[in-house]
Amino acid sequence: MSPSDRVTVEEVMSSPLEMISADATVKEAVQQMRGKEVNALVVKTTPRAIISSTDVLTAVADGRNVAELQVADIMTTDVETASPDNYMEEVAAMMTTYGVKHLPVVDDDYVGMISSTDVTAYLSK
């Protein structure tokens, strides 16, 4: 496969990016995920953070009340990111290496999200 045939993250990523505040409730985050049909939201913080359906499931399994928790209580911080010009094979390797299902796409600022579902859909073509 020549470099010109390779597909980049920018061609496959979801955009615009869905974001939420760290002080929103987890219930609000879940409602936003459901309404937008996504499984992760970028949290507007420094360092970079994300809240995913896995974070929510872990909180529920631990017996925590998601109606009272804030996003900041369960979000994943210091998340790995992808670049819009990464190739899909690189992103698949990153997800495997880091054990994650979502990578925010950053080009100076957030520009999108790439998920394991996006990678699977791409590879199944």
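**Close-up views of a predicted model**

Tyr87 is partly exposed, and its relative accessible area is 21%. The model shown in every view is predicted.

**View A. Tyr87 and Val9 in the predicted model.** Tyr87 belongs to the loop that runs between S4 and H5. Along the chain, Tyr87 and Val9 are 78 residues apart, and their C-alpha atoms are separated by 5.9 Å.

**View B. The salt bridge of Glu89 and Arg6.** The structure holds one salt bridge. This salt bridge is formed by the side chains of Glu89 and Arg6, with an N to O distance of 3.8 Å. Glu89 is in helix H5 and Arg6 is in the segment before helix H1 (9-12), so the pair ties together parts 83 residues apart in sequence. Glu89 has a relative accessible area of 32% and is partly exposed. Arg6 also counts as partly exposed, at 27% relative accessibility.

**View C. A negative surface patch that includes Asp85.** The residues of the patch are Glu10, Glu11, Asp85, Glu90, Asp107, Asp108 and Asp109. Asp85 lies in the loop between strand S4 (76-77) and helix H5 (88-98). The relative accessibility of Asp85 is 54%, so Asp85 counts as exposed, the cut-off being over 50%.

View D. Helix H6 spans residues 116-123, and its buried residues include Asp118, Val119 and Tyr122. These three cover an arc of only 100° around the axis, which means that they sit on the same side of H6. In an α-helix there are 3.6 residues a turn, so residues three or four places apart point the same way. Thr117 and Thr120 are on the other side of H6, where they are exposed.

**View E. The cis peptide bond between Ser15 and Pro16.** Ser15 and Pro16 are joined by a cis peptide bond with omega of about 10°. Pro16 is part of the loop between H1 and strand S1 (19-20).

**View F. The cis peptide bond from Thr46 to Pro47.** Omega is near 0° for the peptide bond from Thr46 to Pro47, which is cis. Pro47 is located in the loop between strand S2 (40-43) and strand S3 (49-52).

**View G. Positive phi at Glu37.** Glu37 is not a glycine, although its phi is positive, at about 55°. Glu37 is found in the loop between helix H2 (26-36) and S2. With a relative accessible area of 75%, Glu37 is exposed.

**View H. Positive phi at Asp78.** Asp78 is a residue other than glycine, and its phi has a positive value near 50°. The loop between S4 and H5 contains Asp78. The relative accessible area of Asp78 is 55%, and the residue is exposed.

Technical notes
Residues are numbered from 1 along each chain as its sequence is written. This is a predicted model: local features need pLDDT of at least 70, side-chain atom pairs count only at pLDDT 80 or more; totals for chains, interfaces and linings use all residues. Side-chain values use heavy atoms; hydrogens and water are left out. Patches are made of residues with over 30% relative accessible area and no salt bridge: like charges are joined within 9 Å, nonpolar side chains (Val, Leu, Ile, Met, Phe, Trp, Tyr) within 5 Å. Accessible areas come from the Shrake-Rupley method with a 1.4 Å probe; for residues, only the protein chains shown count as cover. A salt bridge is a side-chain nitrogen of Lys or Arg within 4 Å of a carboxyl oxygen of Asp or Glu. Lys and Arg count as positive and Asp and Glu as negative; His and the chain ends are not counted. The place of a charge is taken as NZ of Lys, CZ of Arg, CG of Asp or CD of Glu. Helices (H or I, at least four residues) and strands (E, at least two) are DSSP runs, numbered from the N terminus. Buried means under 20% relative accessible area, exposed over 50%, partly exposed in between (1.4 Å probe, protein chains only). The arc is that of the directions from the helix axis to the C-beta atoms.
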